[in-house]
Amino acid sequence: MPTLPAEPTHAVTQPFSRSRQAREAEETLTHLVNDFDDNPESMDYFYDLFRRVFCQGESLEREGVLVGTTCIHAPEELIYALGATPVRLCNGSYHYDQIGAEFMPAKSCPLVKATLGLLQDPHAVPRVGKLDLIVNPTTCDQKKKSGALMTALGHTVYDLEVPPSKDTEHSRVYWQRSVRALTERLCQLTGRRLTRRNLRAAMARTSRAQAAFRVLHEHRRAAPSLVLGKDVFLVTNAFFFDDIDRWTAAVERLNAEIAGRAAAGFQAAQTKAPRILFTGSPPIFPNLKLPLLIEQSGGVVVADETCSANRMLYDMTAVDEWHLPDMVDSLADKYLKPCTCPTFTNNEDRRRRLLDLARTFQVDGVVYQVFAGCQVYEMEQKSVADTLQRAGFPMLAIETDYSPDDLGQLTTRIEAFLESLKARKRHRPT
Amino acid sequence: MSCFAGLDIGSTAIKVALVDSDGRLVGVHVAATGSHFHHNAQEALQTLLTRHGLAREQVRYLIATGYGRKLFKEADDSISEITANALGAHEVGKAFGGVRTIINIGGQDSKAILIDAQGNVANFAMNDKCAAGTGRFLDVSARNLGLDLDELGACHLSSTGTPLAINSTCTVFAESEIIGLLARGHGKPEIVAGIHYSIAKRTVRLAKRVGIEDRVYFDGGPALNKGLVAALQDELQRELVVPEFPQTTTAFGAAILARSEFLAEASLSSSAA
Amino acid sequence: MKANRPALAALRAAVNGVDLNRFRFWVQLASFAFFLYGGYAAVNLGSHLPLFACVYNRVGTAGAGAGVCYLMPLQLQLARPWNTLFTGASLFILTGLGIFMLWFLALNKAWCGFVCPLGTIQDWLTALRRFVRIRYSVYTQSQFDWLKKIKYLLLALAVLIPLGIGNGYITRELRAPICQICPGRVLLPLFSGDYSHWNIDFTSTTTVVMTALGVLITGLFLVGAFVKKRFYCFFCPMSAFLFLLSKPALLRLKKDGSKCTRCGDCYRVCDMQIKAIADDVVTADIMADDCTLCLKCVAACPETGALKVKYAGLTIFEATETGFIKRCQKEHCRANASR
Amino acid sequence: MKLDLFAVCLLAALPLLAAAQEHHKQPKPADQRETTPAPESPASAPRPLDSAPLEIVREKAPGEKANFQLCSGDEVVFVVLRRGLPVQNARVRLITQQGWAKDTLTDAHGRARFQLIRDYFPPWGEFNKWARHTFLVVAETAAPDAGNIQDSSDTNGPNRATLSDSYYPSPKDYSSYAWGLGIVLLVAAFGGTSVYLYRRRRVKPFKEVAFHEGQ
């Protein structure tokens, strides 16, 4: 991947590194790195990557066709197979959130606002370059409608139709059809043909990345913890824009280091630190507010169920017959069937997944982040809380957005929650 | 005599509580937070100590709580006001036969806390980024009506008519609604009662999120307001436990924790020795 | 005992990481050879086997098969006069059924997925199709729900027609009707050089119809199995029969719904299009009536412990994440090697 | 845990053991009991046998087994033996139940060959493939052989021997391999074509994009 020197290509009055946006990223990174001792050495790759990209505005431009995706539903393997590069556009910057608020309804989700804010910026950070196409899966209403806004901003948008339910065979077939149609569109865009060989190579790349992620995920099972959640979120956030092979190699190094630490009896958090399962709206750099707060307050995020981490990388593809029709359909299945996104009508799976994660990762409590304006997560909150409550896992639901002004109140809530978890642990020793 | 202190640095007031080595309350003090809260906190503590003839050195352990807890570096430890409130309410509530649900209305926020029989927090809820239903709402409304905060309770109780409905949930819009009601010639007592019922409704909704069990404990500055207590009691359809010093329950909880943490550390060091 | 633990764990890991498709291929090949040619080595496992080891494979040659499918004796035995059918003289029918049960209980429906020669032939036809890169067909869910009932109808006929013969309502030419239309009768003797079952018997209308039906179904079998994985197993009366008896079987397919993410990987690879394997998170005994216990689902499951194969209560093969990734990467390596 | 594995092996072995026992109980199939050597082996070469002045023996067909049955259309071979030795130029006549007869002379090895004719022509609906027909074989020595009958020399009458046997309608009369093969091929061709056409022409919404492979 060619990396161009970090120099702004547009005329600006001050260097990017002194912009409000860079300061926001810098602050998150400083907390993320400096507030904790004994960060894994192999995390330096990621700290450095974010510093270069978000604080110094280093360019990530790559050769070939660039395809932006606004959701994990866009099958990356197809994009890679056709020689294009996918980049996930979901954004966590308060700066872009505010810009997006200028032309979007005030009550919309900060993630969608920030994504739109990013897309209206001709010199957006991360500097991935000009997008040839944006694949916009029609998941929640806000993402659905933002496609038209993106078009209005001058982007070429492809609406990838996602069924509103995933349980029926009908929706499965509908989705497979959507994915096939997307493939055709991508072939047109890249001028290449999808072959078994190039798709298989692409699938091998993602499956290696997924295998690496799964190892990292397994390491989080250890009690006391070997790795902190803030680092894992940073790692998975890097997957949005980093070169996939380099990313995989970096995660494999991290895994090796963690394994070494495990053997040496190292622990990343206190033995009694409450173990937290994180779910709900996705933490995306630099908005790692909540995971950071949890770990600064003495908790440790040991597992998550969010589309910026676990849901994005966990589920793997199984193919029965390695020929194109079956491979593409298998991919389609993988992007639909295990997905626990609350946009689906019936989402029993999400509750089961959370319960399983809570049990197998010996979780003490669950933190449920809802972005102000994200209706689907808000509507599922009660059923999730009830399910977890019945199974003996307390849940803290927090409605928040990208702005830092509720930090004080959030600190109180998080600390009180962690304190109550500790008290529970004391009174019910296992 | 050694004693233990709890210091609750809230948004409008600083509350200090002292307990002796048996865990009995020695005394409490409330001071305004002001703009120099650090200095004011020191002063409040000193005032209380002086009042009881104690020296700063006799405070063996101090726990800070409230929004300013992290910034008060002299404290031995800090704890969130929710846990402190639960501890204090649990302790005070024992005299009333035990409480399980706590409603706390503070200057900027309102909380509902559910505790178990041991005083541990089982669940809690807080108002989101909005001042409706908090002490600040009462403050603004009283000012609109040309009343003092202390007068609100008596005013409410003097009302003879039906409480008026205040529909706006937003403090700012409620302000104009109150002015509108005044202009239409409605009596102040009915308006005050309406304001209290509006707050009570919001608060009960919050409490229902955590679950209302057993006796309900009501504390925080607004608990001094008899009118609000009456409205809340009416909305809850339950007897409320209102402590003698509703403002200082949280500070008291912190002081109790200070004592038990000190004892735990002492027994640890003695067993180590 | 303790010293053996790591060794056992290693063994378990090795088993769980096995390339199941390859393993199954060899087992199928071996059992195919055994059941079609075992007779030459004087092996005789009797005539109560729960698989299509065809009785016709013995006639006309030197007795090629190592055993006989139970459907033939069952149909013949049931064709007794009714007045003797429910007397002590017919006790041997029950003992026959008992022996059949014993055989079946040992392997449950893995007889279908690992041993049955007709199943193996279908898998070979599938392999041939895969080799020539033709995509497979699937039934839509509604077709599937409809078609899967046929096997119960055939099973009912396998019982009712012989009973009718026994009482003289039906001509004796319909003896063992299921065998007459079974593609196993036509195809399996071929492997020992007996082509005689391809004949159409013009003796009477019944024989013409039945023999013609036999070869017609064989033709459909060949085409069907080529385009649709395990085409015939949807209709197999033996499969229905086995499922009805499968409650006490020793080999069991278990699912732990709490570990399932419903990713559908198992459904994806299932030859029999069993949707419940992915979607049902409540049932622990997940074996459906169409299931052939080929265990491909277990090998394709990435969630550790979600799918398990148990033998007499003991886990012998289990879905594991490492096993899945190992198989997955093996696939990719194979792909790279073939480049 | 090691015990568990052992139990698995044991349980797996149980049905095998049961089967082995069953196998012992069963009588061996007839074709495995057969030990008669084939007639063309040197051990069965003609040898003098005084006790049999003249006899007819049906020669076994190649690969013939115990359940062998003659069918119309089969070639059947008889050997005429005098005192155990083949007789040349003996007159052999085959007469069927229906009255059809054919004469022939034995060759140097004493063999006479006939082809069994089809003489069973019922209406199709009444055809019985198990219909059994008998025939009679009579052998006469062309040159009367000097011999003694009841202690008196017999030089006049021909020396005669008879043999009867039965046969069934030929499978070729009622079964057709060509038809069977034809049906299979037809069904396969028809099925294959319809699957192909179905796949090509079906315009279901989700099939509108198809992939064509080629490297």
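Analyst: In this predicted model, chain A contains an open sheet of 4 strands, arranged in the order E2-E1-E3-E4 with parallel pairing. At its edges stand strand E2 (85-88) and strand E4 (157-160) of chain A, each of which pairs on one side only. From one strand to the next, the twist averages 25 degrees. As a general principle, the strands of a sheet pair through backbone hydrogen bonds, either parallel or antiparallel.

Within this sheet, 3 bridges connect strand E1 (residues 66-69) of chain A with strand E3 (residues 133-137) of chain A in the parallel sense. Here A:Thr69 stands opposite A:Val135 in E3(A).

Helices accompany the strands. Helix H6 (residues 141-152) of chain A lies across E3 and E4 of chain A and runs at about 160 degrees to E3(A). Helix H7 (residues 169-190) of chain A also packs on the sheet, where it touches E3 and E4 of chain A. The direction of H7 makes about 160 degrees with that of E4(A).

How does H16(A) lie relative to helix H2 (residues 81-93) of chain B? Their axes come within 7 Å and cross at roughly 50 degrees; the two helices are therefore oblique to each other. The residues that meet are A:Thr412, A:Ala416, A:Glu419 and A:Ser420 in H16(A), and B:Glu81, B:Ile82 and B:Thr83 in H2(B). This helix contact divides into 2 nonpolar, 3 polar and 2 charged residues.

The nonpolar interior comes next. In soluble globular proteins, nonpolar side chains tend to be buried together. The largest nonpolar core of the model has 326 residues, and those with the most contacts inside it are A:Leu277, B:Ala5, B:Leu7 and B:Ala255. Leaving aside neighbours within four places in sequence, B:Ala255 is in contact with B:Phe4, B:Ala5, B:Gly6, B:Ala17, B:Leu18 and B:Val19.

For comparison, chain D has an open sheet of 5 strands in the order E2-E11-E8-E5-E6, with mixed pairing. Its edge strands are E2 (70-71) and E6 (101-105) of chain D. Inside that sheet, strand E5 (residues 91-96) and strand E8 (residues 133-140) of chain D run antiparallel and are joined by 6 bridges. The bridge partner of D:Arg93 in E8(D) is D:Val138.

In chain C, strand E3 (residues 307-311) has 4 of its 5 residues buried, so it is largely enclosed by the rest of the structure. E3(C) pairs with strand E2 (residues 251-255) of chain C in the antiparallel sense over 5 bridges. E3(C) also pairs antiparallel with strand E4 (residues 314-318) of chain C, over 4 bridges.

Finally, among the 4 pairs of chains that touch, chains C and D have the most contacts. Chain B and chain C share no contact, and their closest C-alpha atoms lie 26 Å apart. Chain B and chain D do not touch either, with their nearest C-alpha atoms 44 Å apart.

Technical notes
Residues are numbered from 1 along each chain as its sequence is written. Chains are lettered from A and ligands numbered from 1 in the order in which they are written. This is a predicted model: local features need pLDDT of at least 70, side-chain atom pairs count only at pLDDT 80 or more; totals for chains, interfaces and linings use all residues. Axes are lines fitted to C-alpha atoms, for helices over the stretch in contact, and angles run from 0 to 180 degrees between N-to-C directions. Angles under 35 degrees count as roughly parallel, over 145 as roughly antiparallel, 65 to 115 as roughly perpendicular and the rest as oblique. Two residues are in contact if their C-beta atoms, placed from the backbone, lie within 7 Å. Ala, Val, Leu, Ile, Met, Phe, Trp, Tyr, Cys and Pro count as nonpolar, Asp, Glu, Lys and Arg as charged, and the others, Gly among them, as polar. A nonpolar core is a set of buried Ala, Val, Leu, Ile, Met, Phe, Trp, Tyr and Cys residues joined through C-beta atoms within 7 Å. A residue is buried if 20 or more other C-beta atoms lie within 10 Å of its own, exposed if 12 or fewer, and partly exposed in between; C-beta atoms are placed from the backbone. Two strands pair if DSSP finds at least two bridges between them.
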